Amino acid sequence: MYLADYHTHSRVSPDGRDSMTALAEAAAAAGLDEICFTDHVEPIVWASTDLRGPYDWGALLAEFDAAKAAMGDRIVLRLGIELGDACWNFAHTEKLLEDAPPLDFIIGSVHMLSERFGGLDLYYFDPKTEEEAYAGIADYLGQVRKMAEWGRFDVLGHLTLPLRYLNENRGWRLSMDRFGSEITDIFSILKSKGVGIELNTNRGNTPLPDEMWLRLYEDMSYDPIVTLGTDAHSARFVGCAVRERQALLKKCGFQEFCTFEGRRPVRHSL
């Protein structure tokens with residue numbers, strides 16, 4: 001069984017804690033064969049909707065080079081990014097990426113609601129009624145659709161992310177069942193772009209997306225592209241539930257999962 005964690009954040013991310021070397025050490029200790037570092041890159045300033053200046057690619061490369069020097073051939077290391085909320089300004093995002101070093105992998109993701117909600121980060125979204133909660137989820141999916149239509153990334157990250165915060169943090173018991181049409185459309189757009197999805201292990205909590213949507217994606221796809229990532233923001237969670245989520249993929253009919261090298265998928269049997 002080949003094991004890889006394809007969603008991790010080092011101290012290069014504003015909300016990351018540990019060095020890439022520490023994450024790699026944790027991955028090796030957990031028996032992983034490969035880890036990809038996917039630190040945050042957004043076209044906007046963290047915790048605002050203001051456009052950011054140039055990204056510090058040098059800091060990212062320095063961390064990666066240090067991890068490679070420390071780990072040698074003990075584990076495969078890949079350099080990626082989580083490209084968040086590009087839909088706030090696609091042109092500015094593309095300008096940021098012009099200076100990027102060669103990357104192995106890009107996650108495209110949405111963390112913020114639209115202008116209708118003032119660009120509120122989902123982490124802080126605290127609806128008072130179920131109707132308001134579902135309005136927020138609908139808004140989120142609208143942003144995801146924009147990202148999918150742009151499509152300049154390799155996999156869509158944590159599709160059902162609002163449920164992490166609404167259910168786990170806020171105590172709601174919501175689902176995305178009423179949004180089947182919207183999610184089907186998103187999957188169709190991704191398929192037309194040659195973009196896959198991430199199965200986010202959610203650090204051992206409810207997978208994002210869960211079995212219902214994984215089965216839909218598998219049914220709709222020919223040679224589906226799916227990666228597995230923990231969303232670890234510290235060494236503690238690297239590799240968490242990767243084995244269990246591989247089993248879930250197999251249960252949903254998948255035969256393979258993917259890692260990436262030079263933005264090209266590498267397939268591994270489940």
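Mentor: Happy to. Two strands count as paired if DSSP finds at least two bridges between them. The elements themselves are DSSP runs, with helices (H or I) of at least four residues and strands (E) of at least two, numbered from the N terminus. Strand S8 (residues 256-261) and strand S9 (residues 264-269) are antiparallel and joined by 6 bridges. Before we go on, this is a predicted model, where local features need pLDDT of at least 70 and side-chain atom pairs count only at pLDDT 80 or more, while totals for chains, interfaces and linings use all residues. Residues are numbered from 1 along each chain as its sequence is written, and side-chain values use heavy atoms, with hydrogens and water left out.

Trainee: Thanks! Which residue in S9 is the bridge partner of Thr259?

Mentor: Val266 is the partner of Thr259. The hairpin of S8 and S9 has 2 residues between the strands, and Gly262 takes a positive phi near 60° there.

Trainee: Switching to the parallel strands: how many bridges join S3 to S4?

Mentor: Strand S3 (residues 76-84) and S4 are linked by 5 bridges. Gly84 sits opposite Ser109 in S4. From S3 the chain passes through helix H3 (residues 90-97) to S4 in a right-handed β-α-β crossover. Right-handed means that, with the strands pointing away from the viewer, the path from the first strand over the helix to the second runs clockwise.

Trainee: And what is the bridge partner of Glu82 in S4?

Mentor: Ile107 is the partner of Glu82. In S5, Ile107 has Val155 as its bridge partner. S4 and strand S5 (residues 155-156) pair in the parallel sense, over 2 bridges.

Trainee: What about S2 and S3, parallel or antiparallel?

Mentor: Parallel: strand S2 (residues 34-41) pairs with S3 over 8 bridges. Asp39 stands opposite Ile81 in S3. With helix H2 (residues 57-71), S2 and S3 make a right-handed β-α-β unit.

Trainee: Why is S4 described as largely enclosed by the rest of the structure?

Mentor: Because 5 of the 5 residues of S4 (residues 105-109) are buried. Buried means under 20% relative accessible area, exposed over 50%, and partly exposed in between, using a 1.4 Å probe and protein chains only. Phe105, Ile107 and Ser109 lie on one side of S4, with Ile106 and Gly108 on the other, and all are buried. S3 is mostly covered, with 8 of its 9 residues buried.

Trainee: On to the core. Which residues touch the most other members?

Mentor: In the largest nonpolar core, which has 82 residues, they are Phe37, Leu77, Ile137, Tyr140 and Leu190. Helix H4 (residues 130-150) contributes the most to this core, 9 residues. Such a core is a set of buried Ala, Val, Leu, Ile, Met, Phe, Trp, Tyr and Cys residues joined through side-chain atoms within 4.5 Å.

Trainee: What is Phe37 in contact with, leaving aside neighbours within four places in sequence?

Mentor: Its contacts include Met20, Leu23, Phe64, Leu77 and Ile81. Contact here means heavy atoms within 4.5 Å.

Trainee: Which helix gives the largest share of the lining of the largest pocket?

Mentor: Helix H5 (residues 161-169), with 5 residues. The largest pocket has a volume of about 870 Å³. Of its 33 lining residues, Asp15, Trp46, Asp121, Tyr123 and Tyr165 are the closest to its centre. For the method, a pocket is an open set of points on a 1 Å grid over the protein atoms alone where a 1.4 Å probe fits, with protein on both sides within 12 Å along at least five of seven lines, and lining residues have an atom within 4 Å of a point. Points are joined across faces, edges and corners, and the volume is the space filled by probe spheres set on them.

Trainee: What covers the buried residues of H5?

Mentor: The cover includes H4 and S6. Among the buried residues of H5 are Leu161, Leu163 and Tyr165. Gly171 follows H5 and has a positive phi near 85°.
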